[in-house]
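Visitor: Could you walk me through the structure shown below, one question at a time?

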Amino acid sequence: MSVSDQSLFTARCARVGSAAAALGATLAKSDEFGPALDIGCGGNTVTFPIVTDPDTWKDTTVDEALYAVLVDARGWSAATFDEVTIAALDAAEQAELPTIKRDLSLELGRLKQLADVLGGDDKLETLYSAAGL
């Protein structure tokens, strides 16, 4: 990443962190079951696993982790498995469909929990907007 790209990324992550703080959310890194970000608000918390290696995780800020959570969440929220999509999968992907559907259900459930913890879908949209998503 170039210096200007890194600066833009850092600024975007800071914007997301500030938006979360303005909503009353707290962010904390967790390592209990592997790298994860705890997002809390109003006494409720939801935990998002973060896929990374231990060295990178050590250097990751909570704002950067929140940005990663939002990018993944936006992707999961846009995922659909209608008949056309399923028909387009190759045999190997078809075999993994039960796992993919389970993962989608898990992620969408976690995303709903996040919206609930933040106080509604509009609050989650505020974070997406701050992240440029």
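This is a predicted model: local features need pLDDT of at least 70, side-chain atom pairs count only at pLDDT 80 or more; totals for chains, interfaces and linings use all residues.

Visitor: Which glycine in the turn between β2 and β3 has a positive phi?

Guide: Strand β2 and strand β3 (residues 44-49) run antiparallel and are joined by 6 bridges, with isoleucine 39 opposite valine 46 in β3. The hairpin that they form has 2 residues between the strands, and the residue in its turn with a positive phi, of about 60°, is glycine 42.

Visitor: In what order do the strands of the open sheet stand?

Guide: Strand β1 (residues 26-30) pairs with β2 (residues 36-41) in the antiparallel sense over 5 bridges, and serine 30 stands opposite alanine 36 in β2. The 3 strands form an open sheet with antiparallel pairing, in the order β1-β2-β3.

Visitor: Why is one side of β1 and of β3 left without a neighbour in the sheet?

Guide: β1 and β3 stand at the edges, so each of them has a single partner strand. The twist from one strand to the next, with angles running from 0 to 180 degrees between N-to-C directions of axes fitted to C-alpha atoms (for helices over the stretch in contact), averages 25°.

Visitor: Is threonine 60 buried or exposed?

Guide: Threonine 60 lies in the loop between α2 (54-59) and α3, and, leaving aside its neighbours within four places in sequence, it is in contact (heavy atoms within 4.5 Å) with Lys29 and Ala65. Its relative accessible area is 15%, and because buried means under 20%, exposed over 50% and partly exposed in between (1.4 Å probe, protein chains only), threonine 60 is buried.

Visitor: At roughly what angle do the axes of α3 and α7 cross?

Guide: Two packed helices are described by the angle between their axes and the distance between the axes. The axes of α3 (residues 62-78) and α7 (residues 121-131) come within 10 Å, and they cross at roughly 110°.

Technical notes: Residues are numbered from 1 along each chain as its sequence is written. Side-chain values use heavy atoms; hydrogens and water are left out. Two strands pair if DSSP finds at least two bridges between them.
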